[in-house]
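Please keep the structure open beside the text as you read.

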Amino acid sequence: MGMLKEFKDFAMKGNLVDIAVGFVMGAAFNKVVASFTGGIVSPLIGLIFNTDLKDMKTIVKEGVKNAEGVLEGEIAVLWGEFLTNVMDFIIVAFVMFMVVKGVNKMKKPEAPAAPSGPSDNDLLMEIRDALKK
């Protein structure tokens, strides 16, 4: 029973729960970004090439269509899909950077107020003057 209680204490720590929530929200946000780049950005960029950006590829070896009309044996570099995934990463990384920057700004401790009494120098000068007498 002790191990089960210890695991429960570990799992319910604030930081671990925060990380889990952040992970789930990050995964959901990644899907939104992938939908944005795949459904909006890629087609708009694809207008230049008359095809969807995700479908852009460089064929290294031609394939052959089989009896059902399915292409077999084609070897291609899928650079359009890679570029779309890089855009996804950059967008997610930038947004996460902005979120972390905002949270860190809110966490900054305020500068301590200046003491209202005499400064250290004033006190030392008073001591020096008292010793001279």
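## Salt bridges and their surroundings

Arginine 128 is partly exposed, with a relative accessible area of 43%; here buried means under 20% relative accessible area, exposed over 50%, and partly exposed in between, using a 1.4 Å probe and protein chains only. This is a predicted model, in which local features need pLDDT of at least 70 and side-chain atom pairs count only at pLDDT 80 or more, while totals for chains, interfaces and linings use all residues. Residues are numbered from 1 along each chain as its sequence is written, and side-chain values use heavy atoms, with hydrogens and water left out.

As for confidence, pLDDT is the predictor's own score for each residue, from 0 to 100. The protein has a mean pLDDT of 82, and 95% of its residues reach 70 or more. Among its elements, strand 4 has the highest mean pLDDT (89) and helix 1 (residues 2-11) the lowest (78). Helices (H or I, at least four residues) and strands (E, at least two) are DSSP runs, numbered from the N terminus.

How many salt bridges does the structure hold? There are 2, where a salt bridge is a side-chain nitrogen of Lys or Arg within 4 Å of a carboxyl oxygen of Asp or Glu. Side chains of opposite charge can pair when their charged atoms come close.

| Salt bridge | N to O distance |
|---|---|
| Lysine 57 and glutamate 74 | 3.0 Å |
| Arginine 128 and aspartate 129 | 3.4 Å |

The bridge between lysine 57 and glutamate 74 links distant parts of the chain, 17 residues apart: lysine 57 sits in the loop between helix 2 (14-49) and strand 1, and glutamate 74 in the loop between strand 3 (71-72) and strand 4. Lysine 57 is partly exposed at 39% relative accessible area, and glutamate 74 is partly exposed at 27%. In the other pair, aspartate 129 is partly exposed too, with 37%.

Glutamate 74 also turns up among the contacts (heavy atoms within 4.5 Å) of two further residues. Not counting residues up to four places away in sequence, lysine 61 touches Gly73, Glu74 and Ile75, and glycine 63 touches Leu71, Glu72, Gly73 and Glu74. Lysine 61 belongs to strand 1 and is partly exposed, at 47%. Glycine 63 lies in the loop between strand 1 and strand 2 (64-65). Its C-alpha is 4.6 Å from that of glycine 73, 10 residues apart in sequence.

Where is the nonpolar surface patch? Val60, Ile75, Val77, Trp79 and Leu83 make a patch of about 430 Å². Patch members have over 30% relative accessible area and no salt bridge, with nonpolar side chains (Val, Leu, Ile, Met, Phe, Trp, Tyr) joined within 5 Å and like charges within 9 Å. Strand 4 (75-77) and helix 3 each supply at least two of its residues. Valine 60 is in strand 1 (residues 58-61) and is exposed, at 60%.

Helix 3 (residues 79-107) has 29 residues and spans 42 Å from first to last C-alpha, close to the 42 Å expected, the expectation being 1.5 Å times one less than the number of residues. Its buried residues are Gly80, Thr84, Met87, Asp88 and Val92. Threonine 37, in helix 2, is buried at 0% relative accessibility. Beyond four places in sequence, threonine 37 touches Ser42, Pro43, Thr84, Met87, Asp88 and Ile91.

Conventions. Areas by Shrake-Rupley, 256 points an atom, 1.4 Å probe, with all protein chains shown as cover.
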